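This report describes the architecture of the structure shown below, chain by chain. Please read it alongside the sequence and the model.

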Amino acid sequence: MLTALTACGDDGDENRADREPTIELPDLSGQNLEVAAVWTGAERDNFLRVMDEFEARTGASVSYVPSGDNVSQFVGSKIEGGAPPDIVMVPQPGVLREFAQNGWIPPVGDLVQEQLDANYTPGWQAVGQHEGEQYGVYVKVANKSLVWYSSTAFDYAGVSAPADWDTFVDTAWTVWESGTTPVSVAGGDGWTLTDWFENIYLSQAGTEAYDQLIAHEIPWTDQTVTDALTTLGELFGHNQLLANGNGGSLQTDFPTSVTQTFINLEVPDAAMVFEADFVGSVITDSTDAVIGEDALVFPFPAVGAGDPPVVSAGDAAVAVAPNGEASEAQEAMLAFLASTDAAWIWAEGGGMVSPNRSLDLAAYPNDVQRGIADALISAGDDFRFDLSDQTPAAFGGTTGQGMWQGLQNFLRNPDDVQGAQEYLESQAVSAYGE
Amino acid sequence: MASGKAVIRARPWAVASFLLPALLLLGALVLYPIGYSVWRSFFDASGDDFVGLDNFAEIFANESTRTALRNNLIWIILAPTVATALGLIFAVLTERLRWATAFKLLVFMPMAVSMLASGIIFRLVYEQNPERGLANAVMTTVHDTFAGSSSWPDAEPRPGGSLSAQDDGSYLLDGTVSAGTPVLLPLVAVPQPELADAEPAATAASDPGQVTGTVWMDFTRGGGGTRDAIDADERALAGVTVQAVRDGDVVAEADTAADGTFTLPAEDADGAQLRLAASSFTPPYNGASWLGPELITPAIIGAYVWMWAGFAMVLIAAGLASVPRETLEAARVDGANEWQVFRRITVPLLAPILAVVTVTLMINVLKIFDLVYIIAPSSSQADANVLALQLYISSFGAEPDQGLGSAIAVLLLLLVVPVIIFNLRRLRRENQR
Amino acid sequence: MTATTLTAQAPEPAKAGGPTAESGPPKPSLGSRLASIAASGAVRVVLVVLALVWLLPTAGLFVSSFRTPRDIASSGWWEALTDPGQWTFANYDALLSNDTFTGSLWTTIAITVPSTLLVIVLGAAAGYAFAWLDFPGRDYWFLLVVALLVVPVQMALLPVARLFNTLGIFETTLGVVIFHSAYGLPFAIFLLRNFFAEIPRELLEAARLDGAGELRLFTRVVLPLGGPAIAALGIFQFMWVWNDMLVALIFADAGSPPMTVALQQEMRQFGSNFDVLAPGAFLTMLIPLAIFFAFQRQFVAGVMSGAVK
């Protein structure tokens, strides 16, 4: 991502001059805005370029504070302290709803709604809503339905990107025969396992069941879950298909799962690694592999008769105003973030995908990034948000319990589908407070 | 240490201004929390309902707190004992060594390092991959020095093929072989770069006086080959030991040649079963899974000992310096050897200081948090759990149960009460002297 | 937080033996016999191996901090020993130009320095009162302080978080400073009271006769004489607070956390990004190590008098 940044900084400026502004912003000279988000490093620097443009066009001055991982706790304590940030990027839909319920964030105004209607599909607007009111603007999303692969390993095996799950499993076996371990699984980080499950489940059981499972309207002992785990077991059930075996996978964290696939271009330790678009930044930061040449990507395969899944995650911008209305400056910022102008600057910096459908794909710095964005936009409203992000944090986002632990148990012992389901259900019951 | 005698008469407001700031702070931040925790530990997660001792029962019933209790027990027994024993050994070995100062400094130094930094240091040490992790690099180097490596560690038979993997690591061919019919022994999964120098595989000659065959990598680079047939570009696996087995006994044995072929005399091998010896495929030794669920607690204890053995060493060395030399000499004159002197005289004389060191470390270990939090990867965190970590998770985690958190806090306090009593008694004794 | 059993006596740093100080006069008989053992090759080999065991982990961190992420991911740090081309300052450059990290360095200082000073001032004042001033229940109050020596800090996390929340200092640097000061106090009072009690009574009485008040006695007589003990206390409190992660994790401002928490966050977000963690961890170690090497004697003396967290 760093290289992407330096590579395109100057070109971007020229392009920008050619483009017509798509949004009129008020004069906000003398006003200060504080923006809080989880981003650090290159991700933050890229976002600051967007803020620079906002400052240049409104005269306001913007400061950035890192919120840390627990955004909800961060904002809560700031509100208690009396000085909350003006704009916060919330990483989970559940957090947005929680903020709306607490009355910390007001619904957006006309200026923002105008931009949303112009640039966002109903589906992408809906994920920023609570009880029918629009509270947030999804600005940066991740496509979590991608399989990255080593072109060397695929060349050795003479295989090409599979389109459906059965071909995917066959491909894995062929790759194994050719002498490369097929799949690198970051079992040490529970969230990557939830993403495996979610993609299979979304494709196999369909969007309706997916939404019901989120609400825990169907239990984790349901047949659809059995099917999804059994499908996952076609891969996880064979020690030789996983880099370092099942036990080793459980100790592999996410960055290592990426680096072991791409660090050695001659003898890859694994041929494929599944995860979101941000795998790309790990590849550029920690390996010599060139995205588009050594490292290629294909969409998560369709399972059974289903469509290929599109699971996403993302950050929504909200205006924090515990005492009622958002200020003109906050409105302007949200509207700007929803505009194509902001999306363009942001996208060209690399490492981000915008849900803004008006954004010309030419804005993206390379073909891989463009392809990822294209897959997401063309899914229209058939995408689904990360399942685990929408469940109670104790179930979907905590080390040592819930989905993370349940799927780690499954990876450790993939023959015991039933045991995994019973564990998941018992954890869900306690986390949903039933 | 006499108190109550050498006292200066002071105006009450002066005493108050010296004393009160400290006492108020202690009252608000140390005493009040004790009271609050005890009270809170009798209420449920919401804090509304009185549940009596249920939270304490929960500590022993809940799976994760039970793991934490068990690990704390392992910690309390293992960590102080090992650190003290090492400290004693270091102190004795270095007592009159010329470079003892440098050695002691080196061993003592980790005490100045934060648990966080030590955790990061040991994450590097315990990395699973022997190419990166120091501990496994050492282990594999030592191992490989004594045990040779095999020729094709990755080669495996295709599942469902004519060869099947045996429990001992060898690959057995279905059925028996007969002289004059060349046998095909296809293997797969050898990394392509390892085959760069291998010769093309050849079909073995048919000879009625011999059992012949080929062991090769049955995969054409770039795909397109036929299964179980030697295609034009497929490579030989040389140096594989082929054994003819009859009733479990090896009756003949040969290694494959550069083109993958082998020959066994018909009088021994005809009608026997063929087996590829396990020694040709022994996977490389990769060291231990330090951060896996089984070894994680001992591994973290290792990091702790690294930090604290120096503490034990310094205290024991000071004690050692005050051991009366005459007693030791007398024992030697009586014919005791060094080991007996050490065991019968030095250790008993050092007993008080050893006890102090061990108890101090026990209290310290009880509260261990940072090392576990940093070193354990998330997949093993549940297996590495300790009370202080569980307290943090229960109190501030995603699904807080402050009643349970408070109960753990009270339990931790109860565990140090004996030490508090010991300290107070000792102080009163000294005051009376 | 200050966990200790009471060991021997108040520290007398001037006399204390340490790694550097040969303790006591030579005792030839045992010495010579042990020396003969030590001289034997086996013991030397064992000690060299042990020295390596103690040195290599830190060396690994140090060397790793000078390697690119790619090198770290592809080979062990020892490879850099034979390949000088791998060494680079890039990680440090990146870290030191990263506002979040440099900000966290300032936060660490803003927490450490005040809590060290506060503990010294409050601890010395109370220690003086316990040692020399007359007030009712003096010995019992002191017993209470001693009892608090081993109270686990975990005990206070939740109640104090609530208390600070009410006071509006939860997740502020001030709150962290107050917390660390409170948990440094039992040891500070214990140490300084014992040390001050050894001051010859005549000195104080002479000053009293010259018309000095309680404050003047404290600042002109007791404090200057207490120098060595105060130095030991300051060193330990400084190191504890500098190295603390747990308290900061809960009480510090998540937006501008001290270094330990900033590094811990890096760890949880991205896993094994040792190109940030290694130089970061090494930078956090620099100050405590410098203090350790500069004040070995006080350090040893402090440990001997029970300065153990």
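## Chain B: burial and overall form

In chain B, 47% of the 433 residues count as buried; a residue is buried if 20 or more other C-beta atoms lie within 10 Å of its own, exposed if 12 or fewer, and partly exposed in between, with C-beta atoms placed from the backbone. The model is predicted: local features need pLDDT of at least 70 and side-chain atom pairs count only at pLDDT 80 or more, whereas totals for chains, interfaces and linings use all residues. Residues are numbered from 1 along each chain as its sequence is written, while chains are lettered from A and ligands numbered from 1 in the order in which they are written.

The radius of gyration of chain B is 34 Å, but a compact globule of 433 residues would have one near 22 Å. This radius is taken over C-alpha atoms, and the globule rule is 2.2 Å times the number of residues to the power 0.38. Along its principal axes, the C-alpha trace of chain B spans about 115 × 75 × 40 Å. Of the contacts in chain B between residues at least 6 apart in sequence, 70% join residues at least 24 apart; two residues are in contact if their C-beta atoms, placed from the backbone, lie within 7 Å.

## Chain B: domains and strands

Chain B is assigned domain 1 (40-127 + 291-432) and domain 2 (163-280), with bounds that come from an automatic or database domain assignment. The C-alpha centres of domain 1 of chain B and domain 2 of chain B are 57 Å apart.

The secondary structure of chain B consists of 14 helices and eight strands. Helices (H or I, at least four residues) and strands (E, at least two) are DSSP runs, numbered from the N terminus. Strand 8 (residues 273-276) of chain B pairs with strand 2 (residues 171-173) of chain B in the antiparallel sense over two bridges, and B:Y171 stands opposite B:L276. Strand 8 of chain B is also joined by four bridges to strand 5 (residues 241-246) of chain B, again in an antiparallel arrangement; here B:A244 stands opposite B:L274. Two strands pair if DSSP finds at least two bridges between them.

## The largest nonpolar core

The largest nonpolar core has 374 residues. Such a core is a set of buried Ala, Val, Leu, Ile, Met, Phe, Trp, Tyr and Cys residues joined through C-beta atoms within 7 Å. Helix 8 (residues 296-321) of chain B gives the largest share of this core, 20 residues.

Which residues have the most contacts inside the core? They are A:V318, B:I300, B:I316 and B:V372. Leaving aside neighbours within four places in sequence, B:V372 is in contact with B:I300, B:A384, B:V386 and B:L389.

## Chain A

Chain A has 20 helices and twelve strands. Its radius of gyration is 22 Å, which agrees with the value near 22 Å for a compact globule of 434 residues. The C-alpha trace of chain A spans about 65 × 55 × 35 Å along its principal axes, and 60% of the 434 residues in chain A are buried.

Four strands of chain A form an open sheet of mixed pairing, in the order 8-9-7-10. Strand 8 (183-184) and strand 10 (295-299) of chain A stand at the edges with a single partner strand each, so one side of each has no neighbour in the sheet. Strand 7 (residues 146-150) and strand 9 (residues 272-274) of chain A run antiparallel and are joined by three bridges. A:W148 stands opposite A:V273 in strand 9 of chain A.

Chain C has 16 helices and zero strands, and 55% of its 309 residues are buried. The domain assignment gives domain 1 (40-88) and domain 2 (96-304) of chain C. Seven residues from domain 1 of chain C and six residues from domain 2 of chain C take part in the contact between them. Helix 2 (41-64) and helix 3 (69-74) of chain C each supply at least two residues of the domain 1 side; helix 2 of chain C gives the most, with three residues.

The contact between chain B and chain C takes 89 residues from chain B and 90 residues from chain C. On the side of chain B, there are 64 nonpolar, 13 polar and twelve charged residues. In these classes, Ala, Val, Leu, Ile, Met, Phe, Trp, Tyr, Cys and Pro count as nonpolar, Asp, Glu, Lys and Arg as charged, and the others, Gly among them, as polar.
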